[in-house]
Amino acid sequence: MSTPALQPARGTHDLIGDEFRRHQQVIDAARHIASLYGFEEWATPVFEDTRVFSRSLGDTSDVVTKEMYTFTDRGGESVTLRPENTAGVCRALVSNGLTQSNLPRKVFYAGPMFRYERPQKGRYRQFHQIGIEVLGAAEPLADAEVIACGWHIQQELGISEGTVLEVNTLGDRPSREAYRAALVEYFTAHKDRLSEDSRMRLEKNPLRILDSKDRNDQALMAGAPTIHQYLTPEAAAFYDGLRRHLDAFKVPYRENPRIVRGLDYYNHTAFEFVTDRLGAQGTVMGGGRYDGLVEQMGGPNTPSVGWAAGVERLSLLLEAAGLTPAAPRAVAVIPVGEAAEAAAISLLQLLRGAGLVAEMAYRGNLKRRMERANRIKAAAALILGDDELAKGVVVVRNLDDGTQAEVPLDGVIAALAETEVDGAMEATLAAQMEGELEAMMEAEDEAPPPPRKRR
RNA sequence: GCGGCCUUAGCUCAGGUGGUAGAGCGCCAGGUUGUGGUCUUGGAUGUCACGGGUUCGAGUCCCGUAGGUCGCCCCA
């Protein structure tokens, strides 16, 4: 090594091995559950015209003012790597002329997002989000279903323990303006006791004081007015509807009048799934209602609701819960001598054709190939040499218990199924059982299924 | 953007008060030229993150930079 090794760019990370499998597990589970709720998957561009974000996220939010990867391309256009995907989905709805029919539209997405932030565990500059959006539904039932879907995904992953759902309402515009005025009045009266940060927030975004982590601020909050006293009858009815439907979905929640949303486009419902297991990155899934966003993209009034979740954070929870998916175990085909190689390749393809993970080393004697089979944690070794070739058999060795037997070439698949080696065949059996389990659970009237164990 | 802590072999980490590097695991080879995982013998590891400074001498002390990490801000 004479040249210095290159590091990944700050705040980026490679997904390899266990980490990749956890990441994929999160996305697979979310995609599957979302599809059960009737969501279709969209993929929108990773970069957009900068105005897609500057128009939607609000000029004051930190995301827009200092965290966006914005640059001018060779044609002189200002483009931005998406810091989140809700704006892009709304823009796509409008650009594709989907605002006039087939509403509501239910969209699932998964992909990388980019924010120029100080990296920490569970927080990266290129990170990944999954999310769902219901576009064109004004009913609180939509909000409740969106939340139920998110909860269901966490249950499916087996990571719902230690996580609580906190809900709040931000009201409609009149509610929020009245509340905002009342808050400013209250905190201005106690300005001398506010933290320095919160005094800034009092000017910029007084609602944000509500989720300050400062001790003194929190003490002061005990006496602060809550939004509930300022809700219009319509906003109060909406919030009642949300809670009623959450009960019907049997999703447990806690009301937290201090939940606010970071981005400016939210109204009515605001919620977060918060865990106590990830330090300062406690929010694992967050979302709410954004009735005005599609209009800001140049479309008609299209009330909508959705959430986004950080794949890295969900993946950390999987790891902490000991639910890292195991790599599939292969069957190692081992030819002995050059004459057996062609027959071994035929066997290799036969196994793959039957849906088994099969591997054959590119070189090496029997000992080497056995070592390699062991290293890749193969479940079984199939040894094929001149002796076997002459007899029309293959040696099937179970690498877990060391037993082996000669099996006729055409009976290999059946023999592997019978030996009940971990992984390989067991995986297909497990998949079948899982299908039956799901059918059973659908028959039950309890909506949230119990958390599933490692598969 | 602000503050604390950290950075020594592929990995996890030792290296009082400055005297030019070590363990375990892993890796490679042999004991076993058609049998791995166990056992055993031997072997190779390294610009001590990077750049400066102090010193006869720096992994060790000082300054700067980069990366990681924890917290704040913000957010998923």
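Which side chain has a polar atom lying 3.3 Å from a base nitrogen of RNA strand B?

## Polar contacts with the RNA

In this predicted model, the residue is Gln-120, whose polar side-chain atom lies 3.3 Å from a base nitrogen of RNA strand B.

## The surface near the RNA

RNA strand B is surrounded by 48 residues, of which Arg-115, Arg-201, Arg-208, Thr-283 and Arg-368 are the closest. By residue type, this surface divides into 23 charged, 13 polar and twelve nonpolar residues. On the RNA side, 58% of the atoms within 4 Å of the protein belong to sugar or phosphate, and the rest belong to bases.

Helix H13 provides the largest share of the surface near RNA strand B, with seven residues. The elements that give two or more residues to this surface include H7 (196–204), strand E10 (283–289) and helix H14 (386–391).

## Helix H6

Helix H6, formed by residues 173–189, reaches 24 Å from its first C-alpha to its last, close to the 24 Å expected for its 17 residues at 1.5 Å a residue. Its buried residues are Ser-175, Tyr-179, Ala-182, Leu-183, Tyr-186 and Phe-187; because they cover an arc of only 125° around the axis, they lie on the same side of H6. On the other side of H6, Arg-173, Pro-174 and Glu-185 are exposed.

The buried residues of H6 pack against helices H7, H8 (215–221) and H9 (233–249).

Methods: Residues are numbered from 1 along each chain as its sequence is written. Chains are lettered from A and ligands numbered from 1 in the order in which they are written. This is a predicted model: local features need pLDDT of at least 70, side-chain atom pairs count only at pLDDT 80 or more; totals for chains, interfaces and linings use all residues. Side-chain values use heavy atoms; hydrogens and water are left out. Helices (H or I, at least four residues) and strands (E, at least two) are DSSP runs, numbered from the N terminus. The expected span of a helix is 1.5 Å times one less than its number of residues. Buried means under 20% relative accessible area, exposed over 50%, partly exposed in between (1.4 Å probe, protein chains only). The arc is that of the directions from the helix axis to the C-beta atoms. Contact means heavy atoms within 4.5 Å. A residue is near a molecule or strand if one of its heavy atoms lies within 4 Å of it. A polar contact is a pair of N or O atoms within 3.5 Å; within protein, one must be able to donate a hydrogen and the other to accept it, and residues adjacent in sequence count only if both atoms are side-chain atoms. Ala, Val, Leu, Ile, Met, Phe, Trp, Tyr, Cys and Pro count as nonpolar, Asp, Glu, Lys and Arg as charged, and the others, Gly among them, as polar.
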